Amino acid sequence: MSGAINDATSPSAFSDKSAKIFVAGHRGLVGSAIVRKLQALGFTNLVLRGHAELDLTRQNDVESFFAVEKPQFVILAAAKVGGIHANNTYPADFIAVNLQIQTNVIDASYRFGVKKLLFLGSSCIYPKFAPQPIPESALLTGPLEPTNEWYAIAKIAGIKMCQAYRIQYNWDAISGMPTNLYGPHDNFHPENSHVLPALMRRFHEAKVKGAKEVVVWGSGSPLREFLHVDDLADGVVFLMESYSGLEHVNVGSGKEVTIKELAELVKEVVGFEGELVWDSSKPDGTPRKLMDSSKLAGLGWTPKISLKDGLVDTYKWYLENVKQ
C-alpha cells in the first residue's frame, strides 16, 4: 500500500519493558485498561499525566511535555466523549477539543522522535448506512450519523493525520477503531451512560429496592457488538507489536447479541429476580451494528473474554466503585 512502512515494528522494540510509553487519557475506560495491561506485562516506564497536570488541548504545554519526557511510544486514548444528548448540546466542544488533542499529540510525537504512535478512534466514524458487518473500506463512503458527526469528523481527521504523516515522513503512526466497549471504569451515570452500563445500574437498583419489574425501551431485537475493554487493551499491545500499515484496523469481538439477550444476561449476572418488561412503543435505534474485524483476526489476534465473564467482572467493579 502506498506510503506504508514495509518493515513492521520489530516486536523487540515495543517489548522492551523499560521503553518509555506515554498513555494519553490514562484515567478513562480505555486508557486505564491499557495501563493495567502494560503493567501486567511488566512495563516499568509508563508516563502518565492527568488533565490538571497536562492539558492536551494546549499546544505549548504538549510540546514542552514531549521535549522534557521524550517518550519512545505513544498510545492516544484521550478524547472528549459523550452520548447523543452531549453531542447535540456541545457540538463545538466535541469537534474542537478532539481536533486539538489529536493534532497536538500526533504532531509533537513525530517532531520529538517518538518511534510509533497508536491513535484510537470509534466505530461512529462509519457512515450511518454502512454495510453490515462494517469493513474498514466503508470509511467516507456515505453520510455520518447526524447525532455524533462532530465527534466522528474529528476522529476521521485523526486517522487521516496518521496516514498523512506516514506518507510524507515515513513515520510509524497507526489507528485502531474499537467497537462498543464496556468494563471497569465505564460510565454508569443514570442519564447519559450507554446501553450496557445503563442496564446494569437499573437492574442493580431494582434488586436493591426489591422492585417487581424493570421496563426497558424498545422491542429488544436490535443486534449489537460488545468488547470488554481488557480485550481492547490486549489488541492495542498486539497492534503496537505487530502492525505497521497505512489503513486503520477495526477492533471488535465479531459476536452479535440482541439487546434482549444482553438484558437477560445482565439481569442474571446482577441477580435481579423480578420481571423484564419491553416497552415496544419506544424506538429501537439502528437494527444492526457490527464491525468486520477479519483484518485483525487475519493478523493473528482475537478477543478472549466472553460476554458473560466480562459482565461478571464489570458488575464486581461496579459494586466496589460506584456509589450506591
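The model is predicted, so local features need pLDDT of at least 70 and side-chain atom pairs count only at pLDDT 80 or more, while totals for chains, interfaces and linings use all residues. Residues are numbered from 1 along each chain as its sequence is written, and side-chain values use heavy atoms, with hydrogens and water left out. Helices (H or I, at least four residues) and strands (E, at least two) are DSSP runs numbered from the N terminus.

The buried residues of helix 9 are Ile259, Leu262, Ala263, Val266, Lys267, Val269 and Val270. They lie on the same side of helix 9, because they cover an arc of only 165° around the axis; that arc is taken from the directions from the helix axis to the C-beta atoms. Buried means under 20% relative accessible area, exposed over 50%, and partly exposed in between, with a 1.4 Å probe and protein chains only. An α-helix has 3.6 residues a turn, so residues three or four places apart point the same way.

The length of helix 9 (residues 259-270) agrees with expectation, because its twelve residues should span 16 Å at 1.5 Å a residue and its end C-alpha atoms are 16 Å apart. The expected span is 1.5 Å times one less than the number of residues. Just after helix 9, glycine 271 has a positive phi of about 85°.

## Strand 11 and its partner

Strand 11 pairs with strand 7 (residues 213-217) in the parallel sense over five bridges. Two strands pair if DSSP finds at least two bridges between them. Within this pairing, tryptophan 278 of strand 11 is the bridge partner of valine 216.

Six strands form an open sheet with parallel pairing, in the order 2-1-3-4-5-9. Its edge strands, strand 2 (46-47) and strand 9 (249-251), each pair on one side only. Strand 2 pairs with strand 1 (residues 21-24) in the parallel sense over two bridges, and phenylalanine 22 stands opposite valine 47 in strand 2.

## The second largest pocket

The second largest pocket has a volume of about 210 Å³. Of the 15 residues that line this pocket, the closest to its centre are Phe226, Ser253, Lys255, Ile305 and Leu307. Strand 8 and strand 10 are the elements that give two or more residues to the lining, and strand 8 provides the largest share, four residues.

On a 1 Å grid over the protein atoms alone, a pocket is an open set of points with protein on both sides within 12 Å along at least five of seven lines, where a 1.4 Å probe fits; lining residues have an atom within 4 Å of a point.

## Backbone features in loops

A cis peptide bond, with omega of about -10°, joins glutamine 132 and proline 133. Proline 133 is in the loop between strand 4 (116-120) and helix 6 (149-169). Leucine 140 is also found in the loop between strand 4 and helix 6. Although leucine 140 is not a glycine, its phi is positive, about 65°. Leucine 140 counts as exposed because its relative accessibility is 57%.

Asparagine 170, in the loop between helix 6 and strand 5 (172-178), has a positive phi near 55° and is likewise a residue other than glycine. At 51% relative accessibility, asparagine 170 counts as exposed.

Definitions and conventions. Points joined across faces, edges and corners; volume = space filled by probe spheres on them.
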